[in-house]
Amino acid sequence: MAVNVVESKEWYLAGYAAEGVPTTDHLTLRSVPLSLSLDSIPDAHVAVQLLFISVDPYLRTRMSGQEDGLYFPQFSLNQVITAFGVGRVMRSKDEKYSEGDIVLNAFFPVAEYCVVPSSVLIRKIDPEAGIPLPEYLSCLGVPGFAAWVGIEVLGEAKPGSNAFISAAAGGVGMVAGQLAKLKGCRVIGSTGSDAKVRLIKEEFGYDDAFNYNKEVDFDATLSKMMCRYFPNGIDIYLENVGSKMLEAVLNHVNPHARIPVCGMISQYNQIWTEREGVRNLLNIVGKEVRMEGFLVGSYLDRFADFTVEMEGYLKQGKISSKIKIYEGIQSFAESLGSLFSSSNFGKVVIEVNKPR
């Protein structure tokens, strides 16, 4: 018998967190009744059971109550939080979607069930394609797309280029390093533990890496590593960290180097007046460096190209990922906090409901 009303748990923002990691003081879980009957669903809408929700660092920037940095609009207080997700259509008032379709959406509520306009759905997913559903939030999701834009589109990676990736064991970094290697680059990275250094070298193919928590002078560390791997300097730096790491890199870039700026996770939990500045930006001028920030939403016209290329790599086993899966919608606050722990690695995903 079809279920017409469900109790859906959902997370909403109870208060902004200007500094530090948001906790259950700021994030609240509530339960709301949701009608799934066709009569209650508007035309051109679908009712969806959430299967997986992506937990990404940019979500933190929408909880500060301040319009700075990434300039994403802030989540409204007492409104449900939204995130990239994969879900199953339960009811449809759009002939393009049928019950049982697996769909991808960049703005699903962080909830167990929802009713959304069908126009916001990005694509259908073929569950028989041989790709695990969480990969559509990892290599085929925001992290993979950000890595692809940074390395291929803006970084212009080509054989023989020297690429340095910060936050190299994170959701973006693990894909970026592998893409750069596939393009013929030499690749080194920085990450936050010895275990993650081993991971990116042994499983993701990095030529070398260092644990930034064990280094006191990033400039000296890069000098030492570059003598072995990049004696002629850095051509591509995928920026994910900011602050002292960016400053060190700018002392080692080549003329006409490319620095795609994907994020600066070291600064997300600080108000801007407390963040550390970079003292050698003049190097950008003298070496004619192209440093360019980007948001993946500005490159959606390339998403189809990315999808074809990345699906090919995944099916051929040329790219792999590490996905940490939290169980149940109740784990959202914990999983968000984990992103800022040095023990975190790979992509963080919540399994909301079990796929059939």
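Analyst: In helix H5, residues 218-228, the buried residues are Phe 218, Thr 221, Leu 222, Met 225 and Met 226. Buried means under 20% relative accessible area, exposed over 50%, and partly exposed in between (1.4 Å probe, protein chains only). Helices (H or I, at least four residues) and strands (E, at least two) are DSSP runs, numbered from the N terminus. This is a predicted model: local features need pLDDT of at least 70, side-chain atom pairs count only at pLDDT 80 or more, and totals for chains, interfaces and linings use all residues. Residues are numbered from 1 along each chain as its sequence is written, and side-chain values use heavy atoms, with hydrogens and water left out.

User: Within what arc do the buried residues of H5 fall, seen down its axis?

Analyst: The arc is taken from the directions from the helix axis to the C-beta atoms. The buried residues line one face of H5, because they fall within an arc of 125°.

User: Which exposed residues does the face of H5 turned away from its buried side carry?

Analyst: Look opposite the buried side of H5. The exposed residues there are Lys 224 and Cys 227.

User: Which residue caps the N-terminal end of H5?

Analyst: A side-chain oxygen lies 3.1 Å from the backbone nitrogen of Asp 219.

User: Where is Glu 156, and what is its relative accessible area?

Analyst: Glu 156 has a positive phi of about 50°, although it is not a glycine. Its place is the loop between helix H2 (142-154) and E8. Glu 156 is partly exposed, with a relative accessible area of 40%.

How values were computed:
A polar contact is a pair of N or O atoms within 3.5 Å; within protein, one must be able to donate a hydrogen and the other to accept it, and residues adjacent in sequence count only if both atoms are side-chain atoms.
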